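Me: I have a model open on my screen. Show me how to read its features, please.

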Amino acid sequence: MSPHDIPVVTVSYNSPELLLGLLASFRKFYRNPIHIVDGSDPEQLAKIREVAAGFDNVNLHAMEYNIHHGPGLAWAIQNLNLSGPVLFMDTDIVVLKEGFIEALMAALQPGDYGAGGVAYVNRDGFDTAYAYGAIAYLHPPCMLCNVEVMRQWPMPIKHGAPMVAPMRALHDAGKSGLLRNLEWCANDVLMGTQKIFIDHIGQGTSSATGGYHLEEWMAEMAAKRANDAAAAAARGGSYNPDLLALMPATATKVLEVGCSTGALAQAFKTHHADSDYWGIEFDPKAAEMARSHCSQVMALDVEGMSDKELAELSSRNCWVFGDVLEHLRDPWRMLARIRQVMPADGCIVASVPNAQHWSLQARLSVGDFRYTEGGLMDRTHLRWFTRVTLLEMFQNAGFRIDAGKPRIFNEPGREKALPAIRMMAEALGVSPEQAVADALPLQYVVRAVPA
C-alpha cells in the first residue's frame, strides 16, 4: 500500500483554524483521503465546512453535537468503511516534512494494534513512570493502527486519555506488545521538544474552546488520585517500610525476587551502601530500570531456575519476597528449594496478603468473590494464605519465623463486620478473639531463618 492511500481520521470541535493548519500542512506532502468527525456548534460548523471544502478528497461527517474525542474515534472505527492501516491525527497537529507516514508503516506489523508514541499511564489514565502494572499507552495525536485489530478491543472513550480503555484491555490480556513505539513520534507529540516530522501544538482544542468539557471526569479522577496518593503514603509509598525494617543489617548479599524497578533496593542501599544487592525480575523493562539500584538483575522466572542455577545463589544470605509468594505457581516447593542452598546464617524476608482479612470474609459471605486490579483480590494472585497457613508453609519448607508483624490499617467499615466474624467463630467452637485478631491485618511481614 502506498503511504498516500492510507485513510486519515481526525476529530474536530469548534476549532476551524486548527483544522486548517492540519489540512494545509498535510496536503503539502500527502494526498490521502481524510475523514473529519466533527462535533462543532452550528456557527463553528459552517466555518468547518468551508475549511473542508477547500481541500480535495476530504470527507466531513458532521455530528452536530459535541461527540468528544474518544467517542469520535470510536464512531469512525465502527461506522466508516475503513480497512487495513488507518492514520489517526489530532487537529492540533502540523506536519513539518514528508516521511512520517512511511516511518509508521515500517513499524506497524500485521496483527499489531498500532504504532506511534507509547508512554505509560496508571489504570485511571494519568501519566506515570514505568513500574510493574503501568499500562503502555498509545498516544492518539498521531497513530497508525490496523483498524480490524482495533475492532477486536474496547473502543476509545470519553476521557482525558481517550485510549485508556483499549490500552487497559491490552495490558490485562498481556498484549501490550501489539503496540509499536517510535521514539520520534513520542518526542513530536510532546510540547517543548525539538520536532522531527510533526509539531503537536498541544491542547489546541482546549485553548480554542475553553476546555475539553470533561469537568465531571476530571473532578472524579483528581479526587481518586488524591485518595490513592494518601493511601500510598500511609503504606510507605513505593516500597514496604516494614519489609525493609526486617532485613538484617548483616545481610551483605541480598537477593530480591520480584525487585520491580528497584525501589526497595534503593532504600536498603541508602543505609547499607556496601551490600551486594541482586534482583530477579520477570518483567524485562522493570529489570532494566532496577539495574540502576542493584548490583545485578536477572530478568527471569525464578520458578524456572534449574537446581544448578539455584545452587549458584548459595552465597545469598537474605532472600526477599515482597508480595511475590502469592504470585508463584508453587511457593511451597520454591521455599523448600531455597532452603537447600541457603547458608546457615541466611534468612527470607517476605510480605504476604492476608486471605482472612475481614473485607474478604465479608465479600465471600455474600458471594462477591470478584477479582480486582490490585489489593487482596488482585487477579494475578495464584495462592492464598492466612496467618496459620503462612506459618505452616515456612515450617514445612524447613524454616522458622523469628520475627514478624501484622500490617493493620484504619479501614472504614470493619466495625460492622467484626461482630459477625466473632459470632461465626463462636458457632464453630474456636476462639472469637483470635478470629477477630486474624481478620484485622491486611498483610503479614515475616522473617524466616533455617530451622
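**Aromatic pairs, a helix and the cores**

Reply: Searching the whole structure turns up nine aromatic pairs. Rings of Phe, Tyr and Trp (its six-membered ring) pair if their centres lie within 6.5 Å; planes under 30 degrees apart are stacked, over 60 edge-to-face, the rest tilted. This is a predicted model: local features need pLDDT of at least 70, side-chain atom pairs count only at pLDDT 80 or more, and totals for chains, interfaces and linings use all residues. Residues are numbered from 1 along each chain as its sequence is written, and side-chain values use heavy atoms, with hydrogens and water left out.

Me: How are the rings of Y30 and F100 arranged?

Reply: A pair of aromatic rings is described by the distance of the centres and the angle of the planes. For Y30 and F100 the centres are 5.6 Å apart and the planes are at 90 degrees, so the pair is edge-to-face. Y30 sits in the loop between α1 (16-27) and β2 (34-38), and F100 in helix α4 (residues 100-107), so the pair ties together parts 70 residues apart in sequence. Helices (H or I, at least four residues) and strands (E, at least two) are DSSP runs, numbered from the N terminus. Ring pairs link F26, Y30 and F100 into a cluster.

Me: Are Y30 and F100 buried or exposed?

Reply: Both Y30 and F100 are buried. Buried means under 20% relative accessible area, exposed over 50%, partly exposed in between (1.4 Å probe, protein chains only).

Me: Which residues touch the most other members of the largest nonpolar core?

Reply: A nonpolar core is a set of buried Ala, Val, Leu, Ile, Met, Phe, Trp, Tyr and Cys residues joined through side-chain atoms within 4.5 Å. The largest has 34 residues; F88, Y113, L138, M150, M163, M167 and L179 touch the most other members. Its largest share, six residues, comes from β7.
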